[in-house]
Structures are given as structure tokens and as C-alpha cells.
Amino acid sequence: MEPALPLPLAPPLLTTAADSAKDWAILHGVAMRTEEQPNSSDAVNFAPFQLLPSPVPRVLFDQAKAVQRDFNLLVHRLSQDSNFLTSCLRSTIQVDDFTCRLFRIYEQVRREGVAQPVCLGLHRSDYMLDDPSRTGQENGEPEAKQPRLDLLQLKQIEINCIASSFGGLGSQMPGLHRHVLRLCGVSRFTADRHLPQNRAMSSLAGGLAAAWELYGEQSAVIVVVVQEENRNAMDQRWLEFAAMDRNPSIRVRRCTLTQIHDRGELRPDKTLLVDGEEVAVAYFRAGYIPTDYPTEQEWTARLKIEQSKAIKCPCISYHLAGTKKVQQELAQPGVLEKFLKDPEAVERVRATFAGQYTLELGAEGDWTVEMVTSDPGRFVMKPQREGGGNNIFGEDIPAALNNMADVKERTAYIVMDRIRPAVVSNYAVRPGREPALTEAVSELGIFGVFIGKGDEVVLNQEGGHLLRTKPSSTEDGGVAAGNALLDSPYLI
Ligand code: ADP
Ligand code: MG
Ligand code: MG
């Protein structure tokens with residue numbers, strides 16, 4: 001796709017724009033703690049970003065926004081269906097200990113009776129723009145230089161239902177790119193026409209504040225459950241401070257699961273106290289990877305939170321609803337119709353699905369293995385993990401399957417069609433490095449804000465966007481994982 005400006009930029013302009021953009025980023029909080037000091041704000045730098053906004057066809061951007069409320073509702077409805085969740089995850093939890101432990105908490109809380117019917121969802125549905133002209137590449141066919149824009153398709157990579165990040169930093173990116181385009185001589189009028197506003201931060205903070213208000217106790221606090229190591233604290237801070245701005249009575253605390261274990265108390269009436277303060281909302285920015293639970297104490301803390309009447313974001317059933325296995329099952333024929341009554345909503349959601357295939361034991365899973373082995377370049381194999389760096393791509397899949405000690409292990413994964421996103425040139429700006437012109441691919445995230453109470457929908461919003469762009473040579477994404485860079489869409 002054509003970049004926002006003709007490239008390369010002349011060297012003096014490139015240096016001027018990159019230096020100015022770094023300072024703009026720092027002054028406007030596009031910031032991250034450093035690798036050396038991930039737990040201290042004594043050393044903070046700008047978060048890696050793309051110097052220019054990356055082109056995104058407007059129709060696909062609008063399509064992604066338009067389907068978000070359907071996804072929010074879908075997650076809520078399926079999370080209420082324990083038969084569906086149980087049958088989806090039955091074989092996965094036999095081999096995946098982490099998902100199994102989450103599932104046991106889900107079962108225990110259901111058995112004991114859910115103390116808080118209100119669920120807060122701050123989701124992010126991620127997409128790539130599939131370029132059909134790139135599919136032949138694995139077979140050595142030449143890459144088409146300019147993809148036909150009208151052939152690009154919006155395809156979902158995944159939906160995140162826990163710790164959906166970068167709403168805070170991402171919201172500043174249109175401002176940063178306006179600044180850079182201006183330095184490069186683009187008129188304000190043109191910039192405004194191409195760079196959509198991003199209200200991710202205020203939407204997400206609005207969800208947190210609305211949940212706090214629904215809880216109905218002025219003295220209660222919002223607890224952000226954070227990881228021990230936390231380079232991305234600034235992104236969370238944006239949301240914390242914006243939630244506090246919404247309502248002068250809101251106070252926010254930050255605790256790790258270990259601290260909640262040590263300093264938390266579940267009262268017989270299911271009130272959760274941390275350091276003696278009642279918790280209205282527990283917002284998880286941790287708890288989604290095994291290393292967040294180094295000992296039994298952290299599992300005890302998670303259980304305690306789930307048993308409490310604090311409003312969870314997400315509750316354990318939303319967390320499970322966001323697993324890759326559930327997403328694979330949703331892509332099977334006839335499944336969406338169980339949860340979405342509106343046929344147009346079903347159509348909108350299904351149009352974004354790529355093929356996804358089971359690896360359960362049995363004929364269907366065997367067929368998947370055969371299909372993948374015969375043409376691995378077309379697929380990605382994904383475990384039930386979050387945060388990037390866990391997938392197995394293309395030619396590595398057959399070896400991974402062969403190296404499993406027991407064939408049962410394959411059921412920890414699902415297989416998905418590999419999306420071939422359109423490539424665009426842009427300058428990667430990273431701390432300590434010269435701006436580098438790189439071939440890159442983008443992943444568009446749309447946030448969703450949802451509050452449900454049993455069958456009742458209290459709030460259902462599309463909540464702004466995030467664009468992350470990574471060098472086309474890397475397979476896995478993730479800004480926090482060090483691969484992707486913050487970006488914003490240049491609508492064309
Ligand atoms: P996680 O929950 O770890 O973020 P994802 O499903 O988002 O898991 O996968 C991580 C990264 O792997 C994505 O950001 C994307 O770069 C790449 N990826 C995932 N699925 C696909 C796919 N079907 N086709 C191409 N790339 C993919
Ligand atoms: Mg994810
Ligand atoms: Mg992802």
C-alpha cells in the first residue's frame with residue numbers, strides 16, 4: 001500500500017521529524033519504562049512507534065468498528081452458557097494445566113453461587129488486512145508490489161478479553177502523527193481528513209468508572225491487578241487517572257496477586273478488602289500467563305477475587321470466553337447462531353473469521369494434522385496463551401507436532417489460517433536506534449466496552465482503536481513483547 005508520504009524522507013527532514021516526534025511522545029505520555037528498570041518510573045522512555053501513520057482502507061476500518069458491539073454481546077452470551085464453555089474446553093483442560101486451573105476456579109465459583117452478577121468487559125478485537133495476492137508467496141511466487149485495495153479483507157486474529165492493553169498510549173498516537181505530518185508539510189485539513197480521533201482511553205476509563213458506580217459504595221476503590229514486572233505501567237496509569245477524572249470519589253490502587261494474597265480479605269458477605277479498603281472493581285492487567293502465578297498463593301488470590309462481590313474485569317467466565325479454543329469453536333458452522341439472534345449480526349461477525357481448525361483427538365483433529373502437514377505455510381498453530389511469542393508458524397508446525405511426547409498434547413493448540421497482511425514501508429523509531437525504513441505489516445485492534453448483568457445489557461460500546469505495526473519479517477506481534485510499534489491508521 002502507498003505510505004502516507006512519498007518515501008524515503010530527505011535525511012534532514014527525517015532527523016528533524018524523528019527527534020521532534022520523540023520529544024512529543026515523551027511530553028504527551030507515549031511512554032514506557034525501560035528494559036533495565038521495568039519496575040521503576042525513575043527511568044522512562046518513549047514507547048517504540050512508527051514515524052508515519054500507516055494506511056488502512058476506510059471501509060475496513062469502519063467494518064471493524066461496526067462489528068465490535070456484536071462481539072461484545074457474543075462474548076457475554078457465550079460466557080453465560082456453561083454447557084458451551086465446558087464442552088469447548090473439555091479436551092483442552094486435560095493437557096493444558098494453566099487453562100485447567102482457570103476452569104477449576106470457574107467451576108468452583110459457579111458451584112458456590114456467583115456473588116456478583118455484573119461483569120465488566122474491556123475487550124480488544126484484533127485484525128489484519130488479508131492481502132490475497134500474497135498467499136502464493138510460500139510457493140516462491142513473486143509478491144505483487146501494490147495490493148488491490150478493494151481485494152483486502154478484514155480478518156480477525158483474535159479477541160482479547162483480559163488485560164487488553166495500549167488504549168492509553170494508543171490514544172495519543174493520532175496527535176503524534178498530526179504533529180509529524182505537519183512537520184512534513186501536510187496541511188491540517190488533509191491530516192484531519194485521514195487521521196481518525198481515538199477515544200480508546202476515555203472509553204475504557206468510562207467502563208471502569210461506570211462499573212465502580214454500579215457497585216454503589218462511595219468509599220470502595222478500584223484495584224488494578226498488576227504484574228510483578230511492569231514495563232507498560234504508563235498505559236495503565238492513563239486509564240487509572242482518566243477513571244479518577246470521571247468521578248471525584250474514585251480512588252485507584254495497584255496490587256499484584258501476591259500482595260492481594262497477603263493483604264486481601266474475603267468477608268463472609270463476600271466483600272473483598274485489600275489493606276482494609278473495600279474493592280468495587282478488580283481490573284486485571286495480570287493473571288493471564290502462567291508466570292503471573294509463581295506459587296499457590298497467587299492462585300488463592302485469584303480465587304478470592306472471583307469469589308468476592310467485587311466487579312471483575314474480566315470475570316473468570318469472560319477470561320475463558322477469550323481463549324483461542326473458544327474462538328476456534330465459534331468459527332465452526334452454526335455456532336454463532338446459538339448466541340446472536342440477529343442474522344445480520346451473525347453475518348457481520350462471520351465475515352471477519354479466518355478458518356480455524358480443531359486438534360482434538362479423533363477424525364476431525366487427524367484431518368487438521370494432515371491438512372497442516374501437507375502445506376504448513378498456510379497455517380499458524382496457537383496455544384491457550386496471551387501476550388505474544390507463543391504461536392508456532394508455518395514450517396515449524398510439523399516438527400512441533402512430531403516432537404510431542406504424547407499425541408494428546410496437540411489438543412492444547414488450535415490451528416488457524418495464516419493471514420498475509422498487506423505490506424507498507426514506514427520508519428521504525430525505537431529508543432537508542434536510528435530511525436529505520438522497514439517493510440511492515442499492521443494489526444488493527446478495536447476496543448469494546450461492555451457491562452452485563454445476567455441477561456441484561458447495561459452498556460455496550462465500541463471503544464476506540466489501536467494500530468500496532470511490526471516488521472514484516474517478524475511473525476509474532478506485541479509491543480510489550482518488543483516486536484510491534486505503536487501506530488495510527490491513515491484512512492485511505
Ligand atoms: P496473543 O494472545 O499472544 O497476542 P495472537 O493470536 O494475537 O496471540 O498471536 C500473536 C501474534 O501472532 C499476532 O499479533 C500476529 O502478529 C500473529 N498471528 C496470530 N494469528 C495469526 C494468523 N492467523 N495469521 C498471521 N499472523 C498471526
Ligand atoms: Mg491475545
Ligand atoms: Mg494478540
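**Figure 1. Glu-158 and Lys-324 join their side chains in a salt bridge, 3.1 Å from N to O.** Welcome to the first close-up of this predicted model. Glu-158 belongs to strand 6 (residues 153-160) and Lys-324 to helix 15 (residues 324-330), so the pair ties together parts that lie 166 residues apart in sequence. Both partners are tucked away from the surface: Glu-158 counts as buried at 12% relative accessibility, and Lys-324 is buried too, with a relative accessible area of 6%.

**Figure 2. A salt bridge connects the side chains of Arg-199 and Glu-462, at 3.3 Å from N to O.** Here a loop meets a strand: Arg-199 sits in the loop between helix 9 (188-194) and helix 10 (200-215), while Glu-462 is part of strand 19 (residues 456-471), so parts 263 residues apart in sequence are tied together. Arg-199 is partly exposed, with a relative accessible area of 40%, whereas Glu-462 is buried, at 15%.

**Figure 3. Glu-277 and Arg-253 meet through their side chains in a salt bridge of 2.7 Å, N to O.** This pair links distant parts of the chain, with Glu-277 in strand 11 (residues 277-284) and Arg-253 in strand 8 (residues 252-255), 24 residues apart. Arg-253 has a relative accessible area of 30%, so Arg-253 is classed as partly exposed.

**Figure 4. Arg-124, Asp-126, Glu-443 and Arg-468 form a network of salt bridges.** Side chains of opposite charge can pair when their charged atoms come close.

Notes. Residues are numbered from 1 along each chain as its sequence is written. Chains are lettered from A and ligands numbered from 1 in the order in which they are written. This is a predicted model: local features need pLDDT of at least 70, side-chain atom pairs count only at pLDDT 80 or more; totals for chains, interfaces and linings use all residues. Side-chain values use heavy atoms; hydrogens and water are left out. A salt bridge is a side-chain nitrogen of Lys or Arg within 4 Å of a carboxyl oxygen of Asp or Glu. Helices (H or I, at least four residues) and strands (E, at least two) are DSSP runs, numbered from the N terminus. Buried means under 20% relative accessible area, exposed over 50%, partly exposed in between (1.4 Å probe, protein chains only).
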